[in-house]
Amino acid sequence: MQQRTLDTTVAQDTLDEELMRSVEQLVRYVLHTATAGGLSTAASSALARLGREGPQRMTELARAEHASQPNMTQLVTRMERAGLVRRTADATDGRGVLVEITGTGMEVFRRRRAERAQALRRLVEEVSEPERDAVRTALPALAHALRTHRPRP
């Protein structure tokens, strides 16, 4: 009985590792297919966050992007020079500054998103119909789990 438990644990660990590798490969593939705007990964991520969530204070953006305040300030400055974002006064706190996406930034964000969607679509078309159905079920389910995920204490 103990051997069966050990075998089950090893098999589950192998499946977990294979799933993790697959997710990492998929994310890398999709992220690297977007070329619009010639952005770094960090700039692309920050621009996407602003495009999805709207204006944010620099500290909030840095925290959400897991970046230091000085690094985020430098990144925003480069993006501002490229016309992708702008800084505006926070109407609720005159001392605060918000970072918001510009029309040009929104266009780059949309083009990058379309490039990624097309790359994912092409990839899904390469697998069998049952596998496509599985992907169409599994990915939205995982996305839902992420949205509702509560870290364990």
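Two strands pair if DSSP finds at least two bridges between them. Helices (H or I, at least four residues) and strands (E, at least two) are DSSP runs, numbered from the N terminus.

This is a predicted model, in which local features need pLDDT of at least 70 and side-chain atom pairs count only at pLDDT 80 or more, while totals for chains, interfaces and linings use all residues. Residues are numbered from 1 along each chain as its sequence is written, and side-chain values use heavy atoms, with hydrogens and water left out.

**Colour by confidence.** The predictor's confidence in each residue is its pLDDT, on a scale from 0 to 100. The average for the protein is 89, and 92% of the residues score at least 70.

Three strands form an open sheet in the order 1-3-2, with antiparallel pairing. Strand 1 and strand 2 are its edge strands, each pairing on one side only. Begin with strands 2 and 3: a hairpin of two residues joins them, and six bridges hold the antiparallel pair. Along this pair, Asp 90 is opposite Asp 93 of strand 3, and Thr 88 has Leu 98 in strand 3 as its bridge partner. Strand 1 is joined to strand 3 by two bridges, also in the antiparallel sense. There, pick Gln 56, which faces Val 99 in strand 3.

**Select Thr 102.** This residue lies in the loop between strand 3 and helix 5. Why does Thr 102 count as buried? Its relative accessibility is 9%, and buried means under 20% relative accessible area, with exposed over 50% and partly exposed in between (1.4 Å probe, protein chains only). Contact means heavy atoms within 4.5 Å. Leaving out residues up to four places away in sequence, Thr 102 touches Gly 83, Leu 84, Val 85 and Arg 86. The C-alpha atoms of Thr 102 and Leu 84 are 5.4 Å apart, although 18 residues separate the two along the chain.

**Select helix 5.** From its first C-alpha to its last, this helix of 23 residues reaches 33 Å, close to the 33 Å expected at 1.5 Å a residue. The expected span is 1.5 Å times one less than the number of residues. Buried residues of helix 5 include Gly 105, Met 106, Phe 109 and Arg 112.

**Select helix 2.** Its 13 residues (41-53) should span 18 Å at 1.5 Å a residue, and the end C-alpha atoms are 18 Å apart, which agrees. Among its buried residues are Ala 43, Leu 47, Arg 49 and Leu 50. Their cover includes strand 1 (56-57), helix 3 (58-64), helix 4 (69-81) and helix 5 (103-125). After helix 2 comes Gly 54, with a positive phi near 90°.

**Show the largest pocket.** On a 1 Å grid over the protein atoms alone, a pocket is an open set of points where a 1.4 Å probe fits, with protein on both sides within 12 Å along at least five of seven lines; lining residues have an atom within 4 Å of a point. The largest pocket has a volume of about 1800 Å³, the space filled by probe spheres set on grid points joined across faces, edges and corners. Of its 46 lining residues, Leu 26, Val 27, Val 30, Leu 120 and Leu 139 are the closest to the centre. Helix 1, helix 2, helix 5 and helix 6 (129-148) each supply at least two lining residues. Finish on helix 6, which gives the most, with 13 residues.
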